[in-house]
Amino acid sequence: MIKNAKQILAKPFSTNMTKTLVQAISVGLTTGVIVSAFRWIIDQTMQLLYQIYPQMAAQRVLIVPYILLMFIIAITLGKITTPYLEQVIGSGVPQIEAVLLNENKMPWWSILWRKFIGGLLAICPGLMLGREGPCIEMGAMVGQGLAEKVFKSNKENLRTLQECGVAAGLAAAFSAPIAGALFLVEEITFDFKPQKVVAVLAATFSADFVTILAFGNKPCLYLPVNDYLPVTAYWALPLIGIFLGIMAYIYQYVLLSLKPWFSKIKKIPAAYHSIIPLILIIPVGLFNAHLLGGSHVLIDNLFNLNWNVKAFGSWDFLLLPILFLIIRFVFSMLSYGSSVPGGIFMPILVLGALLGIICANIMIKSQIILPMYFPHILVISMAAYFGAIEKAPFTAIMLLTEMIGTVQQVLPMIIVTFVAYYILDILGGKPIYEALRLQMNYHKNIDK
């Protein structure tokens, strides 16, 4: 007997989707408010640094009180993070992965406010850390807090709201709702259930809506790239992918070596290691304050330069990005390895942009592309470098697509990201957050 539509379809109004969506939107809106405040304070502080450092360069006597301020910040940061150091330091994504895998539990309120204040104390002085990591962990804590205190959720629903918070945190940090949802699926849960994904999307667009009200509808890293990359240049894309894959492996190797290196510093407790980068980064700020922080401002500056044939014909234009790359790489590692709250998303994107400038300049000098296609290589390299290190190609491509506001570069991004991903995999690389979580669990067992 063939069933009719009434026998197949569910009864009207029998689904619990409405309840789930209301809870997910609540998580998204709350996360959006917290992340917007976090972003605003960082943006204002970075603008202040751009004024303070030139003044210190002109009047060197001002450096002394600034150094004292850095010591105060390091001590305050250490006191805030000490009770929950392993849960608060770093991006927070490995810790959230451990929570969702039932390897760890977190007191949501203690972690939430410590991540907020600690993240500001680490990022605002100019340490080369991303704000998206703390935003992700804060979003997860918001989801957990609402689930436990407001909605009185069961274990399954608690997990769903934590996942909604993760995606909402990334969406609000970058104004990229689809990338937020993809990141959750591709790198955190590895699970695609339609009803859960709909709830996650509700959380991401509601979080993004709050940031639009706060900052406008322009993404925080808007890079308008027009026209298509010439097909005649496609043969060079795999070569760029190979180069970026090798550089991604170097990044992973050094990042995973930081904890053993910093553990050798016996005279300074781990909670106070932040004093090392906070002091060492002062000369960088005196050299060029725009190198400090995440830094989407640096990418904007590089992207919006007046590109012309004469500029690309100079070797200085190749040497300067290499110098910036070395500075950013070294201090990104020092910042992240010093046991402070802060992410690696933006630092990776900045490094990808600088690597893209190097590749683009070589291609222009070799007459493979015209100078007008420089921005294309920059954006493609950002996606590929990020996608390889994170081993999250879909997230990388969608994130950059949402940021640049066009789909014209999708195919080149796919090609280069695929090759970079493949090279990293051959070399033995792992998804960076999974590797950091495994390292965290290893050292936790050693300490026991």
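A crossing of two helices is called right-handed if the near helix is turned clockwise from the far one by less than a right angle. In this predicted model, the crossing of helices α8 and α9 is right-handed. The axes of α8, spanning residues 155-174, and α9, spanning residues 177-189, come within 7 Å and cross at roughly 130 degrees. That angle makes α8 oblique to α9. On the α8 side, the contact is made by Arg159, Glu163, Val166, Ala167, Leu170 and Ala171. The α9 side contributes Pro177, Ala179, Gly180, Ala181, Phe183, Leu184, Ile188 and Thr189. Sorted by class, this contact has 10 nonpolar, 2 polar and 2 charged residues.

The buried residues include Gln95 and Glu97 along with Val93, Pro94, Ile96, Ala98, Val99 and Leu100. After α5 comes Asn102, whose phi is positive, near 60 degrees.

Val225 lies between α10 (194-215) and α11 (237-263). With a relative accessible area of 2%, Val225 is buried, because buried means under 20%. Leaving aside neighbours within four places in sequence, Val225 is in contact with Phe303, Pro375, His376, Val379, Ile404, Thr406, Gln408 and Gln409.

How values were computed
Residues numbered from 1 in each chain as written. Predicted model: local features only at pLDDT ≥ 70, side-chain atom pairs only at ≥ 80, totals over all residues. Heavy atoms only, no water. Axes fitted to C-alpha atoms, helices over the stretch in contact; angles between N-to-C directions. Helix = DSSP H or I, 4+ residues; strand = E, 2+ residues; numbered from the N terminus. Parallel < 35°, antiparallel > 145°, perpendicular 65-115°, else oblique. Contact = heavy atoms within 4.5 Å. Nonpolar A, V, L, I, M, F, W, Y, C, P; charged D, E, K, R; others polar. Buried < 20%, exposed > 50% of the residue type's maximum accessible area, 1.4 Å probe, protein only.
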